[in-house]
Amino acid sequence: MRIGELAARAGMTKDTIRFYEKIGLVTGERLANGYRDFPPETVAWLQYVRTAQTLGFSLAEIAQHGEELRDAEDTAEALSSLFEEKIRIVDARMAQLAALRAELEARVGTGCPLRAAELAG
């Protein structure tokens, strides 16, 4: 399928697909006339990419784990494992943000919130 049809079916722009191709997320065969030809399963893969991004996965993570998922015997189990790992990362980030928030709150009203030394007093 050509890139315009793929873009329409996947609900994204041709430029997005070209970018994904450039970074290796999708591959299309070049035809003699220079057009790209993508296999039909690329539509489902692009929908997966969009969903994974919505769930907080970066394009680099999607590319890395995409290969693992394709080779997995049990895709559901492999996905659950990835989700559990992502939850741990989100929890760690939330803890960091909570600590940052507490530090910022401690500096409110200190006169010069950028001076840590004044907090000790």
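A residue is called buried when its relative accessible area is under 20%, exposed when that area is over 50%, and partly exposed in between, with a 1.4 Å probe and only protein chains taken into account. By this scale Arg18, at 32% relative accessible area, is partly exposed.

The structure is a predicted model, in which local features need a pLDDT of at least 70 and side-chain atom pairs count only at pLDDT 80 or more, while totals for chains, interfaces and linings use all residues. Residues are numbered from 1 along each chain as its sequence is written, and side-chain values use heavy atoms, with hydrogens and water left out.

The pLDDT, which is the predictor's confidence in each residue on a scale from 0 to 100, averages 89 over the protein, and 92% of the residues score at least 70. Helices are DSSP runs of H or I with at least four residues, strands are runs of E with at least two, and both are numbered from the N terminus. Confidence is highest in helix H1 (residues 3-10), at a mean of 96, and lowest in helix H6 (residues 117-120), at a mean of 53.

The interior comes next. In soluble globular proteins, nonpolar side chains tend to be buried together. A nonpolar core is here a set of buried Ala, Val, Leu, Ile, Met, Phe, Trp, Tyr and Cys residues joined through side-chain atoms within 4.5 Å. The largest such core has 18 residues, and those with the most contacts inside it are Leu6, Ile17, Tyr20, Val26, Leu46 and Ile62. H1, helix H2 (14-22) and helix H3 (42-54) are the elements that give two or more residues to this core, and H3 supplies the largest share, five residues.

Two residues illustrate the packing, where contact means heavy atoms within 4.5 Å. Leaving aside residues up to four places away in sequence, Leu46 touches Leu6, Ala10, Met12, Ile17, Tyr20 and Val26. Val43 is located in helix H3 and counts as buried, at 13% relative accessibility. With the same exclusion of residues up to four places away in sequence, Val43 touches Met1, Leu6, Arg9 and Ala10. Val43 and Ala8 are 35 residues apart in sequence, and their C-alpha atoms are 9.5 Å apart in space.

Charged pairs can be considered next. A salt bridge is a side-chain nitrogen of Lys or Arg within 4 Å of a carboxyl oxygen of Asp or Glu. By this rule there are six salt bridges. One of them joins the side chains of Arg9 and Glu5, at 2.8 Å from N to O. Arg9 and Glu5 are four residues apart in helix H1, so about one helical turn separates them. Glu5 is partly exposed, with a relative accessible area of 37%.

In helix H2, Asp15 and Arg18 are three residues apart and therefore separated by about one helical turn. Their side chains meet in a salt bridge of 2.9 Å, N to O. Asp15 is exposed, with a relative accessible area of 55%, whereas Arg18 is partly exposed.

Glu105 and Arg101 are four residues apart in helix H5, again a separation of about one helical turn. The closest N and O atoms of their salt bridge are 2.4 Å apart. Glu105 is partly exposed at 48% relative accessible area, and Arg101 is exposed at 53%.

Helix H5 (residues 75-107) also contains Leu104. Together with Leu97 and Leu100, Leu104 forms a nonpolar patch on the surface, with about 270 Å² of accessible area in total. Patches are made of residues with over 30% relative accessible area and no salt bridge, with like charges joined within 9 Å and nonpolar side chains (Val, Leu, Ile, Met, Phe, Trp, Tyr) within 5 Å. Accessible areas come from the Shrake-Rupley method with a 1.4 Å probe, and for residues only the protein chains shown count as cover.

Further residues of H5 give a sense of the distances in the model. Ala102 is found in H5 and is partly exposed, at 45% relative accessibility. The C-alpha atoms of Ala102 and Glu21, 81 residues apart along the chain, are separated by 43 Å. Glu103 likewise has its place in helix H5 and is partly exposed, with a relative accessible area of 41%. Between the C-alpha atoms of Glu103 and Arg30, 73 residues apart along the chain, the separation is 55 Å.

Asp74 lies in the loop between helix H4 (59-71) and H5. Asp74 counts as partly exposed, at 38% relative accessibility. Its C-alpha atom is separated by 24 Å from that of Thr27, 47 residues away along the chain.
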